[in-house]
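Reader: I am new to protein structures. Please show me how to read one, step by step.

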Amino acid sequence: MSHYQQPLDVTTLASWGALRQHRHTMQSFSMREAFQSDPQRFKQFSLSSSGLFLDYSKNLLTHETRDLLVRLARDAGLERAIRALFDGETVNASEGRPALHTALRRPVGDRLVVDGANLIPQVHRVLNQMTELVGRIHDGLWRGYSEKPITDVVNIGIGGSYLGPELVSEALLPYTQQSGVRCHYLANIDGSEFHELSSHLRAETTLFIVSSKSFGTLETLKNAQAARTWYLAQGGTESELHRHFIAVSSNVAAAVAFGIREENIFPMWDWVGGRYSLWSAIGLPIALAIGMANFKDLLSGAYSMDQHFQNAPFESNMPVLLALLGVWYGNFWGAQSHAILPYDHYLRNITQHLQQLDMESNGKSVRQDGRPVSCDTGPVIWGGVGCNGQHAYHQLLHQGTLLIPADFIVPVVSHNPVADHHQWLYANCLSQSQALMCGKTRAEAEAELHAKGLPDAEVKRLAPHKVIPGNRPSNTLVMERVSPRRLGALVALYEHKVFVQSVVWGINAFDQWGVELGKELGKTVYQRLTGCDEAPAEDASTQGLIDYFRGRHRG
């Protein structure tokens with residue numbers, strides 16, 4: 001396995017210095033004026049690929065900006081990094097692993113040899129295993145302990161074993177009518193979540209999928225044990241446990257000890273990170289919800305975006321352009337967050353998935369070589385579904401003091417048209433990005449107030465409050481409708497965007513050591529909460545909160 005080495009500190013590159021200088025020349029750049037002076041701006045700053053259309057014309061950029069950003073990407077070694085990613089080189093340096101989620105969507109017959117083994121046949125063996133299981137459940141051949149067919153599937157997992165699959169199964173809800181199976185997700189170690197979910201289920205027709213590479217993730221294992229206890233209390237038996245529990249795990253022995261049959265344990269590989277794993281057997285609840293044909297269309301859409309990412313010139317490469325615009329705002333304009341604004345009810349959870357994908361990947365302060373970074377890295381990802389946000393946090397986007405780039409995501413066609421609702425939804429999406437770009441000048445605010453017949457004194461008083469600065473950047477991603485192929489391409493687009501930014505910053509997008517510390521400390525705190533360890537906590541705050549908890553439970 002060859003080891004990929006990233007170049008040195010990006011801020012020492014001549015192209016970085018050129019961008020810093022260019023930023024000063026862009027200080028007075030006006031998007032509104034740019035559109036007025038160039039009728040071709042929309043055409044020149046938009047492109048389509050894999051069923052997605054990207055309009056990035058409402059950004060603080062010129063042709064020179066794009067050229068300089070592309071030069072930075074090349075100088076940072078992006079071309080070499082993309083090859084390393086897809087060829088299975090060790091791009092995850094701290095853990096000594098490749099990151100091969102892209103292998104999960106490659107077609108049968110492809111070859112990808114890592115450590116002497118062709119991985120593609122392994123991938124398709126698991127896909128065939130999934131196909132067989134999904135077929136048996138959909139055909140009513142997999143039955144519970146009372147011989148009734150399975151009607152509900154509960155995925156027990158957390159992080160990447162939950163966010164990606166939940167996003168996709170919810171986004172593709174219109175494709176679930178044929179399966180007859182309802183999908184549910186159990187992630188949090190909160191008894192209320194388990195209670196609310198189990199109260200709507202019947203054990204005799206419920207199948208649990210325990211998704212944990214180690215079969216030891218605390219939240220997942222506790223929920224699996226709770227599900228087992230509930231199943232037994234509802235009339236299930238130990239001897240029939242295998243009908244109601246399957247696993248996606250690398251720890252076969254632990255899953256078998258739990259009561260899961262070995263043939264119903266789906267493998268996980270070290271070369272797939274959790275937040276990139278929905279394309280694997282972690283996506284089993286997706287396949288059960290929408291069927292294997294649609295699941296394979298999802299993979300096909302992602303593969304199409306993979307091909308685009310590998311082959312399109314950087315100047316017209318969708319993931320590269322989105323990533324470089326993020327670098328432009330984060331490192332040269334001081335932006336610290338990025339808003340994701342889906343205008344589609346079914347895409348309401350995409351922000352949550354992208355929060356993990358982006359912030360767990362690029363929330364790093366050291367480079368691949370262990371040295372501190374010399375520039376800001378991953379932004380805070382936030383947002384939510386439109387039009388709801390327009391009556392809440394869009395106020396901050398329009399008139400706040402912070403520069404917050406935004407991605408608007410919208411389909412042209414609704415799966416559930418009601419009167420003229422979708423026309424209004426689409427119009428709202430476009431008008432919000434237009435308002436961010438255009439704003440409202442003092443003169444326009446005053447003219448508007450005068451037109452309403454207000455006296456001069458009142459116009460003068462109100463006008464400052466009506467001014468909207470504008471010149472706020474956004475991208476608009478449009479698709480014909482939310483479908484498996486287009487959704488696959490959309491998620492893969494953001495995966496590659498995150499990777500590109502990690503390459504520019506010189507960081508590792510595929511480890512997450514920051515997640516581990518709280519888990520380790522949590523075990524010690526638990527021992528002290530339950531009285532198993534009477535040693536004082538390392539700090540007075542933690543000890544005080546432990547004492548408060550124990551005092552309340554004693555009382």
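Author: We will go through domains, cores and helix packing in turn. Keep in mind that this is a predicted model.

Reader: Let us start with domains. Into which domains is the chain divided?

Author: The division gives domain 1 (3–18 + 58–76 + 312–341 + 378–438 + 473–507), domain 2 (102–296) and domain 3 (516–551).

Reader: How far apart are the centres of domain 1 and domain 2?

Author: Taken over C-alpha atoms, the centres of domain 1 and domain 2 are 32 Å apart. Twelve residues from domain 1 and twelve residues from domain 2 make the contact.

Reader: Now the inside. Why look for a nonpolar core?

Author: Here is the general idea. In soluble globular proteins, nonpolar side chains tend to be buried together. Now this case. The largest nonpolar core holds 121 residues. Met130 and Leu490 have the most contacts inside this core.

Reader: Which helix gives the largest share of this core?

Author: Helix α19, residues 484–505, gives the largest share, with 13 residues.

Reader: Next, helix packing. At what angle do α14 and α19 pack?

Author: Helix α14 (residues 350–362) packs with α19 at about 20°, and their axes are 10 Å apart. Angles under 35 degrees count as roughly parallel. So α14 and α19 are roughly parallel to each other. Their crossing is right-handed.

Reader: Which residues of α14 and α19 meet?

Author: From α14, they include Ile350, His353, Leu354 and Leu357. From α19, they include Leu490, Val491, Tyr494 and Trp505.

Reader: One more pair. How do the axes of α20 and α21 cross?

Author: Helix α20 (residues 513–529) and helix α21 (residues 540–554) cross at roughly 40°, and their axes come within 10 Å. That angle makes α20 oblique to α21. The crossing of α20 and α21 is right-handed.

Reader: Which residues make the contact between α20 and α21?

Author: Val525, Arg528 and Leu529 of α20 make it with Thr542, Ile546, Phe549 and Arg550 of α21.

Conventions
Residues numbered from 1 in each chain as written. Predicted model: local features only at pLDDT ≥ 70, side-chain atom pairs only at ≥ 80, totals over all residues. Heavy atoms only, no water. Core = buried A, V, L, I, M, F, W, Y, C linked by side-chain atoms within 4.5 Å. Buried < 20%, exposed > 50% of the residue type's maximum accessible area, 1.4 Å probe, protein only. Helix = DSSP H or I, 4+ residues; strand = E, 2+ residues; numbered from the N terminus. Axes fitted to C-alpha atoms, helices over the stretch in contact; angles between N-to-C directions. Parallel < 35°, antiparallel > 145°, perpendicular 65-115°, else oblique. Left-handed = near helix turned anticlockwise from the far one by under 90°. Contact = heavy atoms within 4.5 Å. Domains from an automatic or database assignment.
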